[in-house]
Amino acid sequence: MSSWRLPFTELCRRFLVGNGSFVLEFHGIARQRYPELPSGAVSYLSAEELQRILRWLGERYQFLPPEAFLEPGGPPPRSVLLTFDDGLANNAENALPILEEAGAPAVFFVATGHVGEPSQRLHTSRSQEEACGPLPQEVATDLFAGMSREQLEACAKSPLITLGGHTESHPRLSTCDRSSLESELLRSKGFLEEVSGQKVDLFAYPSGDYDLCVAKAVRAAGYQAAFAEDSLRFGIPRFEIPRVGLYNWRPDYLSAKLCGLHRRPLRRGDL
């Protein structure tokens with residue numbers, strides 16, 4: 001198609017993004033869409049919507065595992081790294097089969113405090129559930145339950161899934177004292193390594209919240225890279241990697257989010 005006939009966001013993506021790459025952020029992947037929920041109360045996609053997003057992405061970008069995306073001098077041109085935050089059970093039940101069907105690697109950043117008791121909601125899930133009002137138990141479980149240990153072990157065994165740290169209790173880390181900060185980082189890392197039998201090198205800041213002290217504590221805890229939402233540019237780029245959150249499957253939305261205006265793409269040498 002001639003460039004003058006392309007939609008504006010597609011033109012931007014062609015000229016502003018070029019060979020650039022993105023880290024993408026997802027949360028819950030429910031079995032289905034629940035139109036009866038209050039608009040905007042829950043950050044989730046349905047399984048069908050995730051499939052549509054992966055098809056759209058697969059026509060434009062290469063799906064890479066984190067070790068390839070974060071290689072020295074990376075990321076490679078026109079690639080995406082998929083990340084899923086919080087460790088919700090629906091990531092194991094609904095997202096994992098779709099990722100396997102698409103052959104798409106991903107990082108699951110797991111908050112470990114609810115792994116032993118999946119019905120114990122993260123505080124972020126509790127607030128979303130309260131905003132929805134009374135829900136049928138099956139709907140609440142689909143949207144908000146945390147991974148069980150068995151689900152976590154199954155994810156760890158998939159060659160497409162890399163487990164990453166996301167603290168124990170999902171606090172705002174910039175408000176934690178030093179002792180609590182270290183505990184949140186180290187206890188969750190140790191638990192994930194014990195369950196998976198793998199080294200856990202990657203971390204995502206809960207709610208994207210961090211400051212220079214937090215970023216340095218993450219590095220001191222033994223992580224090799226950390227993912228934010230907005231980079232605060234403290235001069236340690238591998239510990240403040242920006243991400244683009246995706247919460248809609250529509251092509252016009254995806255094109256707008258990834259056109260280079262919403263978030264500058266990552267390029268060779270950025271990390």
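A residue is called buried here when its relative accessible area is under 20%. With that cut-off in mind, the reader can follow this predicted model from one of its helices to a strand and then to a cavity.

In helix H4, the buried residues are Ala89, Asn90, Asn91, Ala92, Asn94, Ala95, Leu96, Ile98 and Leu99.

Strand E1, made up of residues 22-26, is mostly covered, since five of its five residues are buried. Phe22, Leu24 and Phe26 point one way from the strand, whereas Val23 and Glu25 point the other way. E1 runs parallel to strand E5 (residues 79-86), to which five bridges join it, and it also pairs in the parallel sense with strand E10 (residues 244-245) over two bridges. Leucine 24 takes part in both pictures, standing opposite leucine 82 in E5 and opposite valine 244 in E10.

A search of the whole structure finds one cavity of 30 Å³ or more, and the volume of the largest cavity is about 30 Å³. Its lining includes Phe22, Val23 and Val244, along with Ser21, Pro242, Arg243, Arg263, Arg264, Pro265 and Leu266; by class, six of the lining residues are nonpolar, one is polar and three are charged.

Technical notes. Residues numbered from 1 in each chain as written. Predicted model: local features only at pLDDT ≥ 70, side-chain atom pairs only at ≥ 80, totals over all residues. Heavy atoms only, no water. 1 Å grid on protein atoms, 1.4 Å probe; cavity = no way out; pocket = protein on both sides within 12 Å on 5 of 7 lines; lining within 4 Å. Points joined across faces, edges and corners; volume = space filled by probe spheres on them. Nonpolar A, V, L, I, M, F, W, Y, C, P; charged D, E, K, R; others polar. Buried < 20%, exposed > 50% of the residue type's maximum accessible area, 1.4 Å probe, protein only. Helix = DSSP H or I, 4+ residues; strand = E, 2+ residues; numbered from the N terminus. Pairing = 2+ DSSP bridges.
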